[in-house]
Each structure stands twice: as C-alpha cells, then as structure tokens.
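Visitor: I would like to go through some of the labels used for this model and hear the grounds for each.
Guide: Ask away, once the structure is on view.

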Amino acid sequence: MEKPSAADYLKAQGVEAILAEAVSKVINERPANAVARVAQILASSKQSSAPAEGKVEIYGMIHSQNVLAPVMLATHLNVGSMTFCNLFEGGNKTEEYLGMFPFGKVPAMKDGSLCIAESMAIIRYLAMKYQPSFYPIASDLEACARIDYAMDAMSSEVYPLWSDVVYVRCGFKPAPADQAAACEGLNKIIGTWLSTFLADGKFVCGEQLTIADFRAVPFLLPLTHGAFKKVGFEFAHTDKVTAYVNAFMAAVPSAGAMKSAGGHSIMEFLDGLPA
Ligand SMILES: N[C@@H](CCC(=O)N[C@@H](CS)C(=O)NCC(=O)O)C(=O)O
C-alpha cells in the first residue's frame with residue numbers, strides 16, 4: 001500500500017492546502033541522516049550514573065511535545081531511547097504498532113513485555129521504577145499531588161488554548177473562530193500556571209526536579225519562539241519561562257533535543273516554518 005504524504009495527512013486533518021504543502025516541504029527536506037543524528041544527540045546526553053542498561057523503547061517523533069517528556073526522561077535516566085515512529089507515513093497505524101498500542105498514538109512505550117501509551121502514564125511509570133525522587137509515591141504524597149496538579153492543569157487548562165495558537169501556526173490544526181481571543185487567553189492561562197506552580201521555586205517542586213518539569217517545559221519553550229507573531233501571539237512571559245527552561249536544561253542534558261536534533265527538534269521545526 002502506498003504511504004500517505006505528510007501534505008495529504010495534514011490536509012485530511014483539515015489544514016489549509018497551501019500550509020500543508022509548506023509544512024510537508026519542511027519535513028521532507030530534512031537531511032537523510034537526521035534520524036540517526038537524533039539518536040546520536042540523545043545518546044550523548046545520558047546522565048553518567050546509569051541505573052540500568054538502556055532497554056525502554058519510546059515510540060515517537062522528537063518534535064512532538066507529548067513525546068519529548070518520556071524521551072528526555074528515559075534518556076536522562078539512561079534506561080532507554082526513542083524509536084522513530086513516522087506519523088506522516090502512517091507508522092502509528094500499522095498492524096504491528098496497533099497490536100502493541102491499540103489507540104495508534106505516540107508517545108508509546110515498550111519495556112520488556114509491558115506496552116503502554118499516554119505520555120503522563122509513561123513518565124510516572126519510568127520515575128516510579130527508575131528514579132523515585134522524580135515522583136515520590138512511597139515517601140511524599142503531597143509532592144505527588146502537586147506534580148499531578150501541575151501536569152493535569154497543563155493538559156486541561158493550558159493545552160486547549162496552546163493548541164489553538166501553536167498547532168494552528170504549525171499547520172496541524174485549522175484556526176479557531178476567534179484567533180485573537182485564543183492568543184489573549186493563552187497568555188492569561190500561562191500566567192496562572194506560572195504563578196501557581198513556579199511562584200517561589202526553580203522547579204514545580206522547588207529545588208527538586210520532578211516529572212512535572214519534564215512534562216511542562218516542552219509546552220512552554222516553543223512559546224518563546226518568534227514564529228507565533230504570525231497568528232498575532234506576543235508571549236507575555238518570556239523572561240520567566242526562559243529562566244525555567246534554562247534551569248531545566250542545565251539539570252537535564254537530554255533536553256538539548258528540544259533545540260537541536262538534526263533539524264527535527266521543535267525549535268528547528270519552528271525555524272523552518274514559512275514566514
Ligand atoms: N494524551 C496523549 C496525546 C497523544 C497524542 O495526541 N499524540 C499525537 C502526536 S502529539 C498522535 O499520536 N497523533 C497521531 C494520530 O492521532 O493519528 C498523550 O499525552 O500521550
């Protein structure tokens with residue numbers, strides 16, 4: 001069966017044809033060795049005190065915000081790495097993939113015989129198994145409550161407005177009826193998230209890095225990119241978010257994959273969007 005092109009995939013999602021073609025061009029023009037380069041970058045950023053041999057497979061594409069948290073975490077803990085699953089070529093809809101992950105989405109994780117999907121289920125599992133301080137279920141329920149609160153608020157409060165700005169600009173989603181209201185609403189809700197979870201700490205749980213930071217940073221960093229001016233979005237929290245991202249990147253070397261991954265990182269993807 002012939003594989004659908006990225007442009008066809010995007011058009012089927014309701015994206016305007018001209019934008020779908022442009023985004024498809026950005027994706028297709030990446031250097032042929034880009035996937036190997038992503039693997040190389042991730043491999044070189046593993047933290048040194050490895051608790052286990054790399055064996056967990058995270059299926060995904062590195063520019064996806066949902067995929068980034070589990071990939072960065074598995075890499076940081078040196079317990080696994082990303083297995084490339086090309087959504088634009090239907091890699092998530094093959095019989096083999098659906099046999100392991102029936103919802104047909106990325107990220108998804110295989111650890112031995114355990115196959116699960118959903119980014120937050122994956123990072124909770126990885127932390128509980130390999131780095132309990134990142135989700136201390138056995139020792140600090142209040143910290144876990146705060147971590148879950150921060151992650152759920154990012155998904156249910158921030159994400160709908162975030163996707164109305166970010167995904168629209170990337171060509172993954174048609175524009176909402178009122179784009180200006182979405183832009184204003186996004187700045188407001190990010191302000192609430194930051195004042196609730198980062199008012200007086202470096203990370204969501206103060207000095208302690210947790211899975212909440214792995215989840216939040218990939219959604220916040222792209223907002224500092226100038227590409228969203230095209231849909232009328234001027235980010236009002238650049239300084240605060242930049243300080244948070246920098247602290248996270250200093251603690252987690254694998255987070256470099258958000259900025260540089262052989263042309264596939266989220267920031268490089270935004271650089272390549274048509275003006
Ligand atoms: N709630 C899921 C969302 C997963 C999701 O929407 N993944 C997208 C990519 S970011 C996907 O696989 N889309 C392909 C499709 O829907 O066919 C999570 O947090 O993992």
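Visitor: What covers the buried residues of H6?
Guide: In this predicted model, the cover includes helices H4 (65–76), H7 (141–170) and H9 (211–220), together with strands E3 (108–111) and E4 (114–117). The buried residues of H6 are Ser119, Met120, Ile122, Ile123, Arg124, Leu126, Ala127 and Tyr130.

Visitor: How do the axes of H6 and H9 cross?
Guide: They come within 10 Å and cross at roughly 145°; the crossing is right-handed. Met120, Ile123, Arg124 and Ala127 of H6 make the contact with Ile211, Phe214 and Arg215 of H9. By class, these residues are five nonpolar, no polar and two charged.

Visitor: Why is asparagine 78 called buried?
Guide: The cut-off for buried is 20 or more other C-beta atoms within 10 Å. Asparagine 78 has 20, so it is buried. This residue lies in the loop between H4 and strand E2 (80–84), and its phi is near 60°, a positive value in a residue other than glycine.

Visitor: What makes glutamate 118 partly exposed?
Guide: Partly exposed lies between the limits of 12 or fewer for exposed and 20 or more for buried. Glutamate 118 has 17 other C-beta atoms within 10 Å, and is therefore partly exposed. Glutamate 118 sits in the loop between E4 and H6, and is one of the residues surrounding the ligand.

Note on methods. Residues numbered from 1 in each chain as written. Predicted model: local features only at pLDDT ≥ 70, side-chain atom pairs only at ≥ 80, totals over all residues. Helix = DSSP H or I, 4+ residues; strand = E, 2+ residues; numbered from the N terminus. Contact = placed C-beta atoms within 7 Å. Axes fitted to C-alpha atoms, helices over the stretch in contact; angles between N-to-C directions. Left-handed = near helix turned anticlockwise from the far one by under 90°. Nonpolar A, V, L, I, M, F, W, Y, C, P; charged D, E, K, R; others polar. Near = placed C-beta within 6 Å.
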